[in-house]
Amino acid sequence: MKRTLLTLAAVFLVGCGDKSPGIQDSGTPGTGDDASATGDGSPTDDGGDVSLAGDSAFPFDTAPGMPLDVPAGQWTWVDFPDSTCDEGSPTGIAVSPGDAGKLLIFFEGGGACWDALTCFGLNTAVHGPFGQAQWAAQAATITTSSILDRTLAGNPFAGYGLVFVPYCTGDLHAGNNVATYDVAGQATPYHHQGAANVAAYLARIAPTWANATDVVISGSSAGGFGALMNYEPIRAHFPSAKMIMIDDSGPPLAGTSIPASERMAWYAQWHVGDLIDPQCADCKDDVSHLPAAVAAKYPNDRMALLSSLQDQTIRTYFMLTADGMQAALQSLKTDQLDPLPNFHTFFVSGQTHTMLGNPGSFMVGGTSLLSWLGQMASGDAAWMSVGP
């Protein structure tokens, strides 16, 4: 019975609230009163102690490649033959050049899977292929009214170079393994290689923005987890830039708030430890320690978690009641995030899932999400946590 509930929860994660397979729709925004956290976390040009690509502890890092050659003023799909979706087809990224000194990378959401039933029976994660044709079919939806919309009024990242990272590996962009699942008696491979894909992309993204002064790592839902989990290896490619991280609706809840069986599957089937262990030795037992580990290493970088208090998608995925989700989220904030002067939260009432697909519609206690993100990116000392 427990296993059935877990897999049904994962089905809900894939299907609930999607604006598209790219950026998920936010629904009706919540409202609330301001709440403050200590410290201004003002960033500087010094990114902290980082390792350049090639000297990293991450086994999937690749040597630098050629800069991306794409025209300005439009979105361009770029194939990466050394990347892969779940079924083995190559994927890539979509790129829209902007200010040569500023870069925003966005990770797509779309569920997760970890065995034959979830990956092939219930299809609890979006599948490949994702290439030029899929991007062309979805680009207008993905880039309208979202954080990737250059025409969105008040978007603090409108002038940035933009990179969209699709999701087709079922592993929160964090895997480094080809798992083999028994599907109707036949051994079937599944490429959980999200982190390996990110490394391949970075080998060309970093040379393209070699002189970046401002870098934003962001993502929604599964992509929010991906932004957090991939932060340190990405950070290593931009050692001199001011860098921020925006995790939209991918809360790394503490302890058993994420079922132990699921966390164990992340390590066994995805080999997520290849990505997380070098950053956080005790995260296998409690992934909520990851924000503190990363934020402490890079104290001049600003980081944020966006969430509704009773996020229906996340709470169903982790088999929590509405009250249980709210308690787990508040515990994460109080115990792990509030003590960090450079990590703040934007929480709204209700049960909506994701905000970056429609950031212009969220306001808390008179503070709009777009203005709050602008404070975060600009280094405004008044930037602080807000919520009901």
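Reader: In which sense do S1 and S2 pair, parallel or antiparallel?
Author: This is a predicted model. Strand S1 covers residues 76-80, and strand S2 covers residues 91-96. Five bridges join the two strands, and their sense is antiparallel.

Reader: Which residue of S2 is the bridge partner of valine 78?
Author: Strands of a sheet pair through backbone hydrogen bonds, either parallel or antiparallel. For valine 78, the bridge partner in S2 is isoleucine 93.

Reader: How many bridges join S2 to S4?
Author: S4 spans residues 160-165 and runs antiparallel to S2. Valine 95 has valine 163 of S4 as its bridge partner, and serine 96 has leucine 162. The number of bridges joining S2 to S4 is three.

Reader: What is the order of the strands in the open sheet?
Author: The protein chain has twelve helices and twelve strands. The open sheet takes in eight strands, and its pairing is mixed. The order is S1-S2-S4-S3-S7-S8-S9-S10.

Reader: Which strands stand at the edges of this sheet?
Author: An edge strand here has a single partner strand, so one side of it is left without a neighbour in the sheet. From one strand to the next, the twist averages 20 degrees. The strands at the edges are S1 and S10 (343-348).

Reader: How many residues of S2 are buried?
Author: A residue counts as buried when its relative accessible area is under 20%. S1 is mostly covered, with four of its five residues buried. S2 is mostly covered as well, and the number of its residues that are buried is six of six.

Reader: What is the pairing of the bonded cysteines, numbered in sequence order?
Author: A disulfide is a covalent bond between the sulfur atoms of two cysteines. The structure holds three disulfides. They join cysteine 85 to cysteine 168, cysteine 113 to cysteine 119, and cysteine 280 to cysteine 283. Numbered in sequence order, the pairing is 1-4, 2-3, 5-6.

Reader: How many residues apart in sequence are the parts tied together by cysteine 85 and cysteine 168?
Author: The sulfur atoms of this pair are 2.1 Å apart. Cysteine 85 lies in the loop between S1 and S2, whereas cysteine 168 lies in the loop between S4 and S5 (177-183). The pair therefore ties together parts whose separation in sequence, in residues, is 83.

Reader: Is the disulfide of cysteine 85 and cysteine 168 left-handed or right-handed?
Author: Cysteine 85 is buried, with a relative accessible area of 0%, and cysteine 168 is buried at 3%. The torsion about their S-S bond is about -80 degrees, so the disulfide is left-handed.

Reader: Is the link of cysteine 280 and cysteine 283 left-handed or right-handed?
Author: The sulfur atoms of cysteine 280 and cysteine 283 are 2.0 Å apart. Cysteine 280 is buried at 3% relative accessibility, and cysteine 283 is buried at 2%. With 90 degrees about the S-S bond, the link is right-handed.

Reader: What share of the residues in the protein chain is buried?
Author: The protein chain exposes about 13200 Å², and carbon and sulfur atoms supply 54% of that area. The chain has 388 residues, and the buried share of them is 59%.

Methods: Residues are numbered from 1 along each chain as its sequence is written. This is a predicted model: local features need pLDDT of at least 70, side-chain atom pairs count only at pLDDT 80 or more; totals for chains, interfaces and linings use all residues. Side-chain values use heavy atoms; hydrogens and water are left out. Buried means under 20% relative accessible area, exposed over 50%, partly exposed in between (1.4 Å probe, protein chains only). Two strands pair if DSSP finds at least two bridges between them. A disulfide is a pair of cysteine sulfur atoms within 2.5 Å. Accessible areas come from the Shrake-Rupley method with a 1.4 Å probe; for residues, only the protein chains shown count as cover. Axes are lines fitted to C-alpha atoms, for helices over the stretch in contact, and angles run from 0 to 180 degrees between N-to-C directions.
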